[in-house]
Amino acid sequence: MTAINRTIIVQADSRYLTQRVIEALDGYDDVAQAAEDAQEAAAAAQDAAQQAADAAVDAQQAASAAQEVIDDINTLTEEIENVKRAETEKWLFTADWQLRLDDGAVPPNFYPPEEEARRRQFLRDQIAKIEPGVDLAFYNGDLVDRPHLKTTGAASHYGFKEFREDIYATGISMDRWFFLPGNHESDHVTGDIPTRATTEEYQRWIGATDYYIVKGNMAHVFVGDGAGYGASQEIMTQTLAWLDTTLDSLRGLNIWLHFHAPMYGAHPNVTSDNSTYGIIHGVARLQPILSKYTDHIVCATYGHVSNVPPGSVWDTEVGGIRWINITTFIQAAAEEETPDLSLYHFNYIDLIRGTQTAVLRRMRLDGSGEDLAYRATLALPYPADLGGLAPSFDGRRAAQNSRPLFRGPVRAFVDAGWEENRENVGGDPSWRPRYGDYYEAFQVYVSETGNDPFPAGMLGGIGFYLNTQATQSDDQSGFITASTPVKRKAWFGGRQVSGSDDRGQAVLAVSKADGSMEEVARFSASDVGASQAGLILQTGGLHVPAGKVGIGAGATLGDLLTAGVSGVIAYDGGLMRARRDALMHQYCRDGEGVIVAFQQGAGNTQVGSISVTTSATSYNTSSDGRLKTDLQEFDGLGTINALEVWDYEWVNGSGRGRGVIAQDAALIAPYALTPGETPDEMWSADYSKFVPDLIRAVQQLSAKVAALESQQSGGE
C-alpha cells in the first residue's frame, strides 16, 4: 500500500470516529457511558494520528526516492549530450566586425558618448545571436577599424582592448577563438593618420599573426596580412616559404586555410591579380604553392570584402580550391539607423566524427523565420577525426610558437623598407612591397645542385647577403616594383669532388664586383691527392706555395717568423722553440738527441724529455742523483701483492684492457696515481711509476729463490 493510500484511509477513519463521538453525546442519557465512549473514540483517534505520522514518514521517503530518480535522469541526459558532442562539433566563422566610433573623415570626427554607446550595444546585440554550443571560433581579420590613432590625441576609440571585452561577451572562451590580422590590423597609413607598429599592438592584445593548429586530423592554417600600407593583402615572401613548408608537413590531414582577403577569381570585387580587394599577386605567387596540396585542402575562407548580398553565394572554386566568404561586416550595419539585418550573417560548419562531409550554414542576423541564408556541403579528404577538447598542436602557445623546421631553404630577412614603414609617423608613405623579390640577409639551402646562388656542383650551404635595391615606379598600378637587385654575398657549402665521385669538399665562395661567384678556399680529404688535400686557398687568399710565411709586423719571409718574444720563432738551422708562460721548451734537430724537453719552475729545471735516434724514440723522466736525497729501503713485493689488477671492459666500448682501479691503487701507491682536480675529472695512473716496485719485487723474489736453493743444497 502506498503512503498516499494509507493517508487517505487514516483520514477516513478519523472522520468516522469523530462522527461516533457526536452521536454518543447526543444519544446517551448516561453521561458516564458517554465519557466511556468518548475515551474509546479518543484512543481510536490517537491510533489514527500515529498512522498518519507513519504515512507522512513514508511520503517523505517516497519523495526522496523520486528526487533520486530525477537526479539520475538528469545525469544520464547530460552524459548523452556529452557523448553527442564528442561525436559532433560546431565551428563559427566570421570576419570584419571593425566597429567604428568616428565618421571616417580625415582627421576623424568622433561620435558623442551616446552614439558610441549605441554602436557598442549594437555590436553586443549581434554577438548575442551567435548560436550556443560553438566548439571553435575562427575570425579572419579586421577585428577593429582603427587600431591605433596616434596623432589625433583622442582618448576614446575602439581598439583591441575593447574588442577583447566584447569577445568575452560571446560566451566562447578566449582560448577557443582563433584570429588573424587583416589590413586594418597591419602596419599602414590612412590619409594623414599614421598607425605606428600596429602589428605589435595586435600581437600584444591578440596573439600570433601566422600560425597553425592541429586538432584530431583537422589542421587550420592562418595567414595574416602584414605587408604594409596600400598593399597589406600582399603575402611576404618569407611567409610564403613558411606556408609551403607548413602545408607539406600537414599532408594526410584535412587542411582548412584562413586568409583575410580572397584570391582573384573568388569574388567579383577582385577584378585583377593586383587588386587591393584580393591577395595581391595571389594567383602568381600563392596559387603555385596551394596547387601542390589540393588533395588535402578542404577550403579557404576569407573576409575583407563586403557582406554577401541576397541571391549571392561567393562560394567559388579557384585553382582546385573552394574559396568561401565569411564576412559579417557588423560595422556597415551599425552605420545605418535601421539596418536590414537579413544582409548580415554568421557562418557555421557542422561536423560529425567519421564522416567525410561537413555542412556550411550561413545564418542571417535578422531573427526571422528565414534564418538560413545559404547551405552547402564540403567534402573532407579524410574521415573526420575531431580529436580531444583542445588542439594537440597550438601554434599560438609560447612553447610551440616557433615555425617548424624548414625542409627546403631557411631564410632570414633584412627589409629596410619594412622597418621604414613601421617607423613612419606621418611622412611620405611611398614604400610598397616588392612583388617577387625581397631583401635577404641569410639563407641555408639543402640539395641544390648547381643552381644560383651556388657555384656549379654545390650541394647546399649557408649564404650571407648584402643587397642594394633600385626601384622603379609602375604608374599604371600605382605600386613600386623592384628592379634586379645587386647582391654581394658569400657562401659556405659542400659539393662533390666530381659528378662521379662520392668524396666531398667544403667550399668557400664570394661574389665579385659583377655579382658572379668565385671560389676562394676549398677543404678536401687526404685521398683526393697531394695537390688537393687539406686547405687549399685560391686567388686573393693566403697562398703558401713553398711552405714559407711571415707573420706579424717587421717579419721577413722565412720558414716561420713572428715578431714578439712570446710568439713562435723558427731559424734556418732547424731549431724551433715554442714558449708560452715559460712552461715548455721544445727543440728540434736533424741528428739524434732530445727533440722535446720539459722544464719546470723559475729555474727551468728539466724534469723530462723526448729523445730520438735514427730508429727509435725514448720518453725520459728526470732521475739525476743530484735531485734526490733521504734514500730508504722499501717493500716492493708487498706493494705489488697489495695491488688489485683487473681485466676489464672500457665503458666507451673501445675494447678490453688490464690494469688497476686508480682510486683503489692510490691507497697503496699514491705516487703512481694522479687524482682529478675536480670531482668530475677522471683519475689517471702512470704505470711507469710501478717499475721500481717491480724491480724491488723481483730482487726480493730472487733473494728468496736463492735462499731456497741454498737450503735445498744444504739438505742434500
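Two strands are said to pair if DSSP finds at least two bridges between them. Helices (H or I, at least four residues) and strands (E, at least two) are DSSP runs, numbered from the N terminus. This is a predicted model, in which local features need pLDDT of at least 70 and side-chain atom pairs count only at pLDDT 80 or more, while totals for chains, interfaces and linings use all residues. Residues are numbered from 1 along each chain as its sequence is written, and side-chain values use heavy atoms, with hydrogens and water left out.

**First selection: a hairpin**

Select residues 646-649, strand β33, together with residues 656-659, strand β34; the two pair in the antiparallel sense over four bridges. Asp647 has Arg658 of β34 as its bridge partner. Six residues lie between the strands of this hairpin, and Gly653 takes a positive phi near 80°.

**Next: a sheet of seven strands**

An open sheet with mixed pairing is formed by seven strands in the order β10-β11-β9-β8-β7-β6-β15. Because β10 (315-318) and β15 (393-394) stand at the edges, each with a single partner strand, one side of each is left without a neighbour in the sheet. Strand β11 (residues 321-325) runs antiparallel to β10 and is joined to it by four bridges. Within β11, Ile324 stands opposite Asp315.

Axes are lines fitted to C-alpha atoms, for helices over the stretch in contact (heavy atoms within 4.5 Å). Angles run from 0 to 180 degrees between N-to-C directions.

**Next: a sheet of six strands**

Six strands in the order β3-β2-β1-β12-β13-β14 make an open sheet, again with mixed pairing. Its edge strands, β3 (177-179) and β14 (372-379), each pair on one side only. From one strand to the next, the twist averages 20°. Select β12 (residues 345-352) and β13 (residues 357-364): six bridges join these antiparallel strands. Asn347 stands opposite Arg362 in β13.

**Next: two helices**

Select α3 (residues 113-127) and α4 (residues 160-168), whose axes come within 10 Å and cross at roughly 35°. Which residues make the contact? Arg120, Leu123, Arg124 and Ile127 come from α3, and Glu162, Glu165 and Asp166 from α4. By class, two of the contact residues are nonpolar (Ala, Val, Leu, Ile, Met, Phe, Trp, Tyr, Cys and Pro), none is polar (the others, Gly among them) and five are charged (Asp, Glu, Lys and Arg).

Finally, select Ser623, Lys628, Tyr671, Lys689 and Pro692, which lie nearest the centre of the largest pocket among its 17 lining residues. On a 1 Å grid over the protein atoms alone, a pocket is an open set of points where a 1.4 Å probe fits, with protein on both sides within 12 Å along at least five of seven lines; lining residues have an atom within 4 Å of a point. Helix α12 (residues 691-715) gives the most to this lining, with three residues. The lining divides into five nonpolar, six polar and six charged residues.
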